Amino acid sequence: MMKRAIDLFVAAIGLLALSPLFLLIALLVKLDSSGPVFFGQVRIGRRFRPFRIYKFRTMTRDASSNGGQLTIGEDARITRVGRVLRRHKIDELPQLLNILLGDMSLVGPRPEVPQYVELFKTDYSEILSVRPGLTDLASVKYVDEATILAGARDPEEEYRTVILPEKIRLAKLYVRHASLRFDVAIIAQTIFRLTGLPLVLCEIPELQSSHEHSFGEAGSRAIAWLLRWRRPLIVVVDLALIVCANYLAFLLRFDGSLSESEAQLFVQVLPWLVAIRGGAFMLFSLNEGLWRYTGIWDLQRIVSGVVLSTLAVYGLVYWGLGLTAYPRSILIIDSVLLIGLVTGIRLPSRLLGEKLVYRHKKNVLIVGAGHSGERIVREMKTNSSSRYQPVGLIDDNVSLLNKRIHGVKVLGTRRDLPRLLAEKQVVEVVLALSNAKPALLREIISALEPFKVSIKTLPNLSDLLADRSAESQMRSVSMSDLLPRAAVNSQADAMRHMIQGKRVLITGAGGSIGSELSRQVAALSPEALILYERHENSLYLIAKELDDQGFGSFVHPVLGDVTDVSRLSSTVTKYRPTIFFHAAAHKHVPLVELNPAEALKNNCMGTRMAAEVAARFGVERFVLISTDKAVNPSSVMGATKRVAELIVQGIARQSKTRFITVRFGNVLGSNGSVLLRFQEQIRTGGPVTVTDPGVRRYFMLIPEAVHLVLQAASVGEQGATYILNMGEQISVLDLARNLIRLSGFVPGQEIPIQFIGLRPGEKLSEELVGDGEATEPSPIENILRIRRMAPIDFDNLQNKVTALEAAARLNHTTWAIDRLRELVPEFHSPGELERVPISAMPAVMEDLGVARKTDSLVESGATPSV
């Protein structure tokens, strides 16, 4: 109703105001060529109702019989007057009558002829739900449509296949975003485009055209002249405003009429007033500022200049000239008027240059009506370059319901999310929640699961940078935000004291944990960092990365295998490390199940050899990186890591080297992790495969895992095992659904989820503490120490490890699994395998030539110092 009322009012006023122009144009049309003044044509209007559209005739009388319906370039059918009318779209003005009759509106999709509507009838069923308009987005973009068609090989084909589909797309865009503000922007932009003014009040990428409207040579010269004489012109304008303000002050003071004496006072003081105020304006540099940047500082200078000059004029008039009859109120009224005029003439340049009447923005729903929510709403509302339109807030604090923050209403609580997303056509949700717990974030993500909306979050209020806009600090929600516990903060001082100036060796330095450990250690300024890795490419990548970061002077990449005791010993002899991080391991459960002997060699033999070398050469600290899969293991990988823990604990009993074990859960984003697998499946369109709906795991970030390793190494006790207090386990199915949602897809619809069953060696859930173990606090917050309830028989450990290694070297899976079970009784192998008694192993050991003196666990007295 409002739109129709405005249409009627503007059309009626327009017809009355333009009636003299209509008469002049009618006369020119008749004089230029024979035929009627107006041209009428059938177009299709709202709800497919035909109507007759009116224009001033711009073509010859027989134009319809001498050409098609399209006007192309310098069409010979166009009359001389018609060419001028078309150039400025004046021929469209009679459509004000169509608006009065109800056939059209001021703004709306331009009406088409029946044959083109029939070609795209389905599209027009949406477009013609509103009245056609005098102007629209297509009118702005294709203001020179005839010129575009003139350059086409087949204008008719170009219009049907290129221009008309684009007009239809723009028409749909208007229909879907129609508003009074949008209409005003389109009208203003149409005027600017027709007059060649380089102003943008309706910023929509769809309006960009390869055929931009230009000023022409005359317009360019005019602009150059204005820029050249800008300062003198500003001075002239300001002086004119000074005269105008003073004259208006006299008129207001004397009720609109001046007597002869009053006029004489005005004339007598005016030259002095202009000179003094002009001088004050120059003193405050009011003729130098760029008007498009007018702001508070400029207003202060204007007020200062006016006040100072008013005081000077007051002294001159009453003490210098002695004009006691000059009304004091004139000076006050004059000052107020002058401030308004001088400010007012500068503001339009700022408003037209920066303030858009319409910019296509994303509808945003903000979760959280606290300080962070207030800040982001304020910025979105006040920043003219913002691409976001806050349509509402939600908050679980019911006392805030229906309240407004900077004009934006608190619409409901989290339970109202589904309804509000549909009602408000939300395309993005911003989580402005300070210190929100991961469980709350997961609940919100789950509630948003059915909706294809983008999800962003803000940093905690304490982390928001004061010198940057909150909008610029928005980021997509990441999987790390949804972890059931906060990341561990490293104790930088203790770690730096441990690492700085020391020589550090890292095995498996090219792996996920090893490479991150290398980065963290390099940043702590060690004397030397030895990267020990058997995979050439991985070693090259981490060494090159550290070199690029400026650490190359102390980084030493070494190609080597942890099961090669000679290579490992020579490396330790050469570089003499004081700290030894053992991260090398086979860790992929399914692959290890298929190749158990290799896992035994790398995870068990490799750990023993590395630990023995560290003890033999007097390394100060040795840190074994273990896993939660070593607790009550159901996989070969977990069992081998448990054996590695036992080996380290056994050697720790006889060595001066401080041996420490660190245990943690699944590392999010490490090589082969479920996260990377899910991401790859999502990129290819799915399905995302989950082994079982009930699978749950502990998860942590790679930097978080490294923090744990470094913290434990800095304060760890001899032979101790440490774990991270990881909170609850999370569902892998929920992880998959959340990752699909955060990737911009709807789980189960756009990306299916498929259950494939547990793989060999997998459990439904993991444990951090095994049978016969208990936890106790450690000196480090959020890190627990494992205490063994029952003693370990280390006396028989060496024989069992020797038998295990012999089976591994024979690549005999049955014997190897059997020996593994004897070392780790809680290990339940994936299948029934033939048990081989340990008494049968001596012959095997003899065949392999295993020598206890050269390849054994460290014996007392065999640890020469470095």
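Q: A salt bridge is a side-chain nitrogen of Lys or Arg within 4 Å of a carboxyl oxygen of Asp or Glu; which residues are linked in a network of such bridges?
A: The network joins Glu717, Glu776, Arg785 and Arg787. Across the whole structure, the search finds 40 salt bridges.

Q: How do you know which residues and atoms are counted?
A: This is a predicted model, in which local features need pLDDT of at least 70 and side-chain atom pairs count only at pLDDT 80 or more, while totals for chains, interfaces and linings use all residues. Residues are numbered from 1 along each chain as its sequence is written, and side-chain values use heavy atoms, leaving out hydrogens and water.

Q: What is the average pLDDT of the protein, and which residues are under 50?
A: On this scale of the predictor's confidence in each residue, from 0 to 100, the protein averages 81, and 84% of the residues score at least 70. Residues 209–216 stay under 50, with 13 contacts beyond four places in sequence; a contact means heavy atoms within 4.5 Å. Residues 830–866 are also below 50, and that stretch has 65 contacts beyond near neighbours in sequence.

Q: Why are H1 and H2 called oblique to each other?
A: The axes of H1 (residues 2–17) and H2 (residues 19–32) cross at roughly 55° and come within 4 Å. Angles under 35 degrees are roughly parallel, over 145 roughly antiparallel, 65 to 115 roughly perpendicular and the rest oblique, so H1 and H2 are oblique. Helices here are DSSP runs (H or I, at least four residues), as are strands (E, at least two), numbered from the N terminus.

Q: Which residues make the contact of H1 with H2?
A: Leu15, Leu16 and Ala17 of H1 meet Ser19, Pro20 and Phe22 of H2. They divide into five nonpolar, one polar and no charged.

Q: What makes the pair of glutamate 92 and lysine 55 a salt bridge?
A: The N to O distance is 3.6 Å, and the limit is 4 Å. The pair links distant parts of the chain, 37 residues apart: glutamate 92 is in the loop between H3 (80–87) and H4 (95–101), and lysine 55 in strand E2 (residues 50–56).

Q: Why is glutamate 92 called buried?
A: Buried means under 20% relative accessible area, exposed over 50%, and partly exposed in between (1.4 Å probe, protein chains only). Glutamate 92 has 14%, so it is buried. Lysine 55, at 15%, also counts as buried.

Q: Are glutamate 750 and lysine 452 buried, partly exposed or exposed?
A: Glutamate 750, at 36%, counts as partly exposed, and lysine 452, at 53%, counts as exposed. Their side chains meet in a salt bridge of 3.3 Å, N to O, and they are 298 residues apart.

Q: How many residues apart are arginine 642 and glutamate 645?
A: Both lie in helix H25 (residues 636–652), three residues apart, about one turn of the helix.

Q: What is the phi of aspartate 255?
A: Its phi is positive, about 60°, although aspartate 255 is not a glycine. Most residues other than glycine have a negative phi. Aspartate 255 lies in the loop between H12 (230–253) and H13 (260–283) and, at 72% relative accessibility, counts as exposed.

Definitions and conventions. Axes fitted to C-alpha atoms, helices over the stretch in contact; angles between N-to-C directions. Nonpolar A, V, L, I, M, F, W, Y, C, P; charged D, E, K, R; others polar.
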